[in-house]
Amino acid sequence: MTATRVVAFGGGHGLSASLRALRHCAPELDLDITAVVTVGDDGGSSGRLRAERGGLPPGDLRQALVALAGDHPATRRSAKLFQHRYAEVPPAGGPAPAGGGSAGRPRVSGTGRAPSGPEPAGVAGGAAGGIAGGRAGAAGRAGAEAGGLAGHAVGNLVLCGLMELLGDPVAALEHAGAMLGAVGRVLPMSCEPVGIEARVRGADPRRPDEVRTITGQHQVAVTTGRVESLRLTPVAPEACPQAVAAIGAADWLIFGPGSWYTSVLPHLLVPQLAAAIVASPARRLVTLNLAAEKETSGLSQADHLAALRSYLPELRVDRVVADSKAAGDPEPVERAAESLGARLVLAPVAVTDGTPRHDPAALGAALVPVLGADR
């Protein structure tokens, strides 16, 4: 039986959750998974490496690889290593980090080995994959000030090294995937880094009607205003050829969940990717977020779907998956889905602790009948 070819678009924690959910579709479905990852990150460890070394920002690529890491104990250990983030080291004779001890850095013995005991907090990725963005960002800022390893994730350094060694980000990702026993493929949306710019109304609360340009993925992600338009720099980056080929050969294309303006929509702004998405014979599925983020403050779930159509008017969608509780009154979401040609699928796909995170097992269970349905 031929595997169902699935291409998932996004970046960061949202794409990680989507990939983990797709893995939960087994054994009911045999999926051939490809992740196409945004390359606009300019914050934290990725931003530092991008500024200092050039090349693609590795953080979102790393998270996708870890989400697809194999289940063998050795590869799971390698995945934890990729997620391990160096803690800040206090200067010699200086005060210890807040909280005492080494702030999560294991003490190294005279043999060069860390003493036995529990792993440092934050080494293992959670259900959404990786370390919380705020903590990572703070660590990245601390590391930038120190100019050392502090704040860097090991996997970011490995990917940066592989890209420099091999001179080809796709080959570097394939090698890293082999190191992790990945059960799918990770590709960048472009083999060159891009910038993200947004025209934002009310970015300055004192001037709610003023529209200004916000530059950089991180700044757009944390803006308190309303994003009115989005663009990439360069305006028409060249798409990764392997990503274009995967889209053309896919059975399903999946968009979301994730940061809508900085992780999902950028793919639609790469002309060759957009053309491939429209021309692909694949069916298309959108997974909606559970709650608005800073960059989408004030947007309803229906507005999220409208944004997709705004940036790619030719886009047609077959299914929209939304959490039955987060959707609230489903009628506006259903109308927005129908405007894209899609049918709305409501299911309980959130974790049960009340936080706005997708449960990979629950989302996978909701995807099985959708992805497994005959045309």
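A: In this predicted model, the side chains of Glu-174 and Arg-185 form a salt bridge, with their closest N and O atoms 2.9 Å apart. The pair links distant parts of the chain, for Glu-174 belongs to helix H7 (residues 169-179) and Arg-185 to strand S3 (residues 184-188), 11 residues apart. Glu-174 counts as partly exposed, at 43% relative accessibility, and Arg-185 is partly exposed as well, with a relative accessible area of 31%. As a general point, side chains of opposite charge can pair when their charged atoms come close.

Strand S3, which holds Arg-185, also belongs to an open sheet of 7 strands, arranged in the order S3-S2-S1-S7-S8-S9-S10 with parallel pairing. S3 and strand S10 (343-347) stand at the edges, and each has a single partner strand, so one side of each is left without a neighbour in the sheet. On average, and with direction ignored, neighbouring strands of this sheet are turned by 20° against each other. In general, strands of a sheet pair through backbone hydrogen bonds, either parallel or antiparallel. Within this sheet, strand S1 (residues 4-10) and strand S2 (residues 31-37) pair in the parallel sense over 7 bridges, and Val-6 stands opposite Ile-33 in S2.

Helix H1 lies across S1, S2 and strand S7 (252-255), and H1 runs at about 175° to S2. Arg-23 lies in H1 (residues 12-23), whereas Asp-71 lies in the loop between helix H3 (59-67) and helix H4 (73-83), so the pair ties together parts that are 48 residues apart in sequence. Arg-23 is partly exposed, with a relative accessible area of 21%, while Asp-71 counts as exposed at 62% relative accessibility.

A further salt bridge joins the side chains of Arg-357 and Asp-353, with 3.0 Å from N to O, and Arg-357 counts as partly exposed at 31% relative accessibility. There is also a network, in which salt bridges that share partners join Asp-204, Arg-206, Arg-207, Glu-210 and Arg-212. The count for the model comes to 12 salt bridges.

A disulfide, in general, is a covalent bond between the sulfur atoms of two cysteines. In Cys-240, the sulfur is 4.1 Å from the closest cysteine sulfur, that of Cys-191, which is too far for a bond, as the cut-off for a disulfide is a pair of sulfur atoms within 2.5 Å. Cys-240 counts as buried, at 0% relative accessibility, and Cys-160 counts as buried too, at 13%.

Just after H2 comes Gly-54, which takes a positive phi of about 75°.

How values were computed: Residues numbered from 1 in each chain as written. Predicted model: local features only at pLDDT ≥ 70, side-chain atom pairs only at ≥ 80, totals over all residues. Heavy atoms only, no water. Helix = DSSP H or I, 4+ residues; strand = E, 2+ residues; numbered from the N terminus. Salt bridge = Lys/Arg side-chain N within 4 Å of Asp/Glu carboxyl O. Buried < 20%, exposed > 50% of the residue type's maximum accessible area, 1.4 Å probe, protein only. Pairing = 2+ DSSP bridges. Axes fitted to C-alpha atoms, helices over the stretch in contact; angles between N-to-C directions. Contact = heavy atoms within 4.5 Å.
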